[in-house]
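Hi everyone, thanks for making time this morning. I'd like to walk you through one protein, so please have a look at it while I talk.

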Amino acid sequence: MLSRPEYRKALVFSGLIGVPVALIAFWFLVGVHELERLIWTDWPKDLGWKQAPWWWGLVLLPVAGLVVGLVVARLPGRGGHIPAGGLHAGGAGKEALPGVVIAALVGLPLGAVLGPEAPLIALGGGLALFFASLARAPQTESSTALLGAAGAAAAISALFGNPVVGAVLLMEVAGVGGPQLFAVMLPALLASGVGDLIFTGFVHWTGFDTGSLDIGLPPPPPLDWADVLWALVLAPAIAFFVHWTFVGGRFTARFVASRTVRNTFLCAVGAAVCVTLFAVSTGRSPADAGLSGEATLSDLAQDPHAWSVGALVAVLAFKGLAYALCLGSLRGGPVFPALFLGGAAGVLLAPLPGLGVVPAMAVGMAASVTAALRLPVSSVVLVVLLLGNVETVALVVLAAVVSFVVGELLPQGPRIPAFAERPPGRARRGSAGRP
């Protein structure tokens with residue numbers, strides 16, 4: 001493969017595009033996090049509240065639903081992939097980039113229970129193809145797939161803070177093997193490494209924060225047989241819960257397909273009601289049930305005793321339902337809400353005899369994110385990186401494998417609707433995707 005001149009050129013170009021893609025991904029993540037903090041923390045405090053009031057989501061999420069519905073109905077690329085379908089490799093073409101960016105920068109900060117990883121994958125793949133067209137690089141079917149995967153890996157490494165995670169995730173999402181695996185992985189790994197260098201440098205240079213996967217867990221005690229036995233019990237239960245949440249998301253996607261703008265708005269209102277019910281029933285901020293859960297997971301891990309049993313049950317119920325509604329209607333990624341739900345389930349079950357917080361969270365997050373993504377290798381790598389220790393690796397692997405098997409054996413629910421591409425503003429009346 002390396003003896004072929006065209007592959008060597010593609011490898012060099014993949015390293016070069018990692019620079020602009022990582023820079024754009026950096027500012028995209030900064031924008032999302034700064035908007036979330038402004039809307040959910042700064043504005044409520046400026047208006048005299050200690051935290052966002054219980055009705056905050058009722059104002060914000062319907063706006064997100066309306067804007068995302070219009071993007072899906074009117075712009076090329078429909079704002080990106082439907083999250084209930086999982087992650088997709090490479091993704092959107094360059095013509096879909098405006099819709100992807102608008103849907104993410106509006107929906108995510110306004111409270112969508114989704115993460116930024118899917119828009120980043122689409123953004124990175126689309127930007128790679130855009131830069132390739134600017135450079136007038138030859139575009140064949142294989143080179144397009146290669147550059148799309150490399151750009152997506154460079155962007156996703158900015159989010160996860162590790163080039164290996166980006167490369168492994170894109171490898172598993174693409175589902176390639178043998179010589180094709182090497183052909184895709186080497187440029188993707190190179191682009192991820194370059195992207196991580198650029199991203200890390202900009203973090204230190206600008207001082208901005210885009211979020212971190214270090215959630216501050218204390219070092220756990222050595223594992224024992226009780227941990228392993230509880231993993232075999234808890235992993236299938238958590239996988240069952242998350243699996244049916246995704247089935248609910250697929251039913252939501254089918255509902256939205258019948259009338260895009262109206263039903264996307266209604267689903268966003270439903271998610272807002274869930275967030276509001278959580279805040280009213282617990283007295284906590286509605287942000288704990290809204291948004292991706294990335295920041296809340298860190299707070300949960302560092303101070304699990306701040307969450308009562310009632311609050312943990314409420315966040316699993318209400319955030320889980322809001323997650324299902326957002327999976328089928330809004331645009332974003334499924335990773336971080338799944339990690340949070342798994343972590344919350346782990347904290348809730350940690351008092352079981354012989355378990356403990358760290359092993360329970362390890363099992364919960366591994367089972368949950370594997371059930372969501374159906375990517376066991378990527379899920380293991382991600383959760384191990386998140387936990388920051390090696391003592392729980394065996395539990396993580398065991399929970400991921402059990403969760404994957406359970407998910408494959410359960411009914412999968414309806415298929416994600418396939419939308420026909422159409423020019424913006426020319427939706428056919430009576431069609432499956434009419435606004």
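Predicted model: local features only at pLDDT ≥ 70, side-chain atom pairs only at ≥ 80, totals over all residues.

Residues are numbered from 1 along each chain as its sequence is written, and side-chain values use heavy atoms, with hydrogens and water left out.

So, what is in the fold? The protein has 15 helices and zero strands. Both are DSSP runs numbered from the N terminus, with helices being H or I of at least four residues and strands E of at least two. Of the 435 residues, 55% are buried, where buried means under 20% relative accessible area, exposed over 50%, and partly exposed in between, using a 1.4 Å probe and protein chains only.

Contacts next, meaning heavy atoms within 4.5 Å. Take those between residues at least 6 apart in sequence: 81% join residues at least 24 apart.

Now the inside. A nonpolar core here is a set of buried Ala, Val, Leu, Ile, Met, Phe, Trp, Tyr and Cys residues joined through side-chain atoms within 4.5 Å. The largest has 105 residues, and L120, Y323 and L339 touch the most other members. Helix α13, residues 357-373, gives this core its largest share, 11 residues. There is also a second, separate core of nine residues, with W40, W56, L110 and A287 among them. Back to L120: setting aside neighbours within four places in sequence, L120 contacts A25, F28, L29, A155, I156 and L159.

On to helix packing. How do α8 and α15 cross? The axes of α8 (residues 225-258) and α15 (residues 393-409) come within 8 Å and cross at roughly 40 degrees. Axes are lines fitted to C-alpha atoms, for helices over the stretch in contact, and angles run from 0 to 180 degrees between N-to-C directions. The pair is therefore oblique, given that under 35 degrees counts as roughly parallel, over 145 as roughly antiparallel, 65 to 115 as roughly perpendicular and the rest as oblique.

Compare α10 (residues 294-302) and α12 (residues 335-349), whose axes are 9 Å apart at about 20 degrees. These two are therefore roughly parallel, and their crossing is left-handed. The contact uses E294, T296, L297 and L300 of α10, and on α12 the residues include L339 and F340.

Finally, some loop residues. R78 has phi near 55 degrees, positive in a non-glycine residue, and sits in the loop between α2 (56-74) and α3 (97-107). R78 is buried at 7% relative accessibility. L291 also has a positive phi, about 60 degrees, in the loop between α9 (260-282) and α10, and is buried at 11%. S285 lies in the loop between α9 and α10, and its C-alpha is 9.3 Å from that of K50, 235 residues away along the chain.

Conventions: Left-handed = near helix turned anticlockwise from the far one by under 90°.
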